[in-house]
Amino acid sequence: MQAEKDAEFVGAALDAGLRAARFSLPPSSEEFAASIEPKNVPAVFRGVLKGSAALSRWDPLYGGLDYLLEKVGPDVAVEAMMSNTGHVFYGDLRSHERVSILFSTFMQSCKSHLGHLNAASDSSKDKGIGKESTCSDKMCPARSENSEQLYLAQVSILNTENKDRSSLEVLKEDIQEPIFLKGKSFSSINFWMSRAHMRSSTHYDPHHNLLCVMAGCKKVTLWSPSASPFLYPMPVYGEASNHSCVSIEEPDYSSYTRAKYMKEYSERVILNCGDALFIPEGWYHQVDSDDLTIAINFWWKSRIMTEMLEHMDGYYLRRIMRRLVDTEMNKITQMSSFSHSERNNDFQSTDGLSGGSQPFNKVTNSDTSDKKGAALQSLKPCTLQALYELMSLVHNSVEAVDQNDRAESASQDTSVCQNNERKKTAADDSSLLEKDPVAKIILPVEPLELRSMLLAMVHTFPRTLEGLVLNILGPTGAEILTRKFDEMDQGSTPEEQAEFYKIFYSAFGDQYAAMDALLNRKELYSFKVFQSVLDQYLRVRVDRPS
């Protein structure tokens, strides 16, 4: 199990185009700027830092802690993160606090920890325990006995916005930027160091990032911004809006149901001494660091934001929300639990429709004729099965209404149930399709077959069709039905289209009421999808305007 956690990994659902590229040789700055950075996809650069002064001078195993002590000096204070959740550092202020500590005090603490690690290693050798070591093995994870841990996180070496905050500016002399970043205007260069094994929570950054490991080992798990729905980002208005709500140690899948699939959309890369990882702006990442791991990172502004004109933000917001809503709406065409052919295979003999089917008996005994029966007989078996299921829905709904009329308290109970259902919808995130029986029935039916079925209903069961559209059809069903109408129109002449709609709407006592029902429910469906998008990407919930 531990070996699996320590290995690189690519999720089965991660698009091939979003997988991190690997480079054994550093690209030129021109190649990076032209063909790597614009893709906004991570890239791993193996051994790109070999030969740098920092890599040789800072290594804790070879006197690096003493070097850093002397280089920085005894009196320089830095800001550290102190976690009250053990070795896990979460981004929200409730889980950690920023404390001021002398850099020399932290180095002495690291030297003490290194001594314990060396003593444990010598003890293992005395007992005959040994194996070929790797970068990760040398700094094997050891949990601190203290419930609180310190982590030097984002301690500034260079800060272009506030030079006074660059408490470790002296270390810049040891740093040589990778050749492919030549010419970049950095927002900041930061120093990161863990005394013992630690984990950072899942988050994204508002800048392009090159993470460089100078000592130890880091395991970085990556998710594309498109995986946001599985990560449950904190509300966009919160102080830690770039962090995930999902615990990395004990995820609560009952509250965050989509998070069960987050691993399938992730990729884990392992960075050893001298390796670097390009993490594009907006990409979620979660980092595990071994004992005494040291890293630096370069942040710079991406073209994504610099090319977005501020006065256009309102337009960008509407376009992006519209695209997310359209994408979510289009997913319904891929959610069918069975195909048209499978419905045909599952179809039971239609003999029962003329003799044993209660809903059909009730209607056909009263208002069918030989001519009307011919309309039914012209349907394919699978289409007739779909018609039967729709008839059953209307029939069962009528019975349910009759029962409610005999129980006056039902309306209040239903209201409570609906409120509970709304809460459940927000919690379980099940698809809108699964909750709409009409949508599930008509989705697999091919457009021209659906047209034949609707025309048969007009001739044979007009009141049932009217009840279906006005009373039973839900928001998702209305969306799918009108999409099927669009597909029918594409395969028909204008004359055929006009004839179909004339016959279809003739089944309704008030044709405009039918049109309003379809349009209103389509808009309700769009709003439900809009609610879902806001929740998935921004963690914001809104009620529909009255």
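This report walks through salt bridges in a predicted model.

## Ground rules

Since the model is predicted, local features need pLDDT of at least 70 and side-chain atom pairs count only at pLDDT 80 or more, while totals for chains, interfaces and linings use all residues. Residues are numbered from 1 along each chain as its sequence is written, and side-chain values use heavy atoms, with hydrogens and water left out.

## The count, and Asp275 with Arg46

Take a salt bridge as a side-chain nitrogen of Lys or Arg within 4 Å of a carboxyl oxygen of Asp or Glu, and you get 21 of them here. One of these pairs Asp275 with Arg46, with 3.0 Å between the closest N and O atoms. Asp275 sits in the loop between β12 (266–271) and β13 (276–279) and Arg46 in the loop between β3 (43–45) and α3 (53–57), so this contact ties together parts 229 residues apart in sequence. (Helices, H or I of at least four residues, and strands, E of at least two, are DSSP runs numbered from the N terminus.)

Asp275 is buried at 7% relative accessibility, whereas Arg46 is partly exposed at 27%. Here buried means under 20% relative accessible area, exposed over 50%, and partly exposed in between (1.4 Å probe, protein chains only).

## Within one helix

Asp326 and Arg322 also form a salt bridge, at 2.7 Å between the closest N and O atoms. Both belong to helix α9 (residues 313–330), 4 residues apart, or about one helical turn. Asp326 is partly exposed at 32%, and so is Arg322 at 41%.
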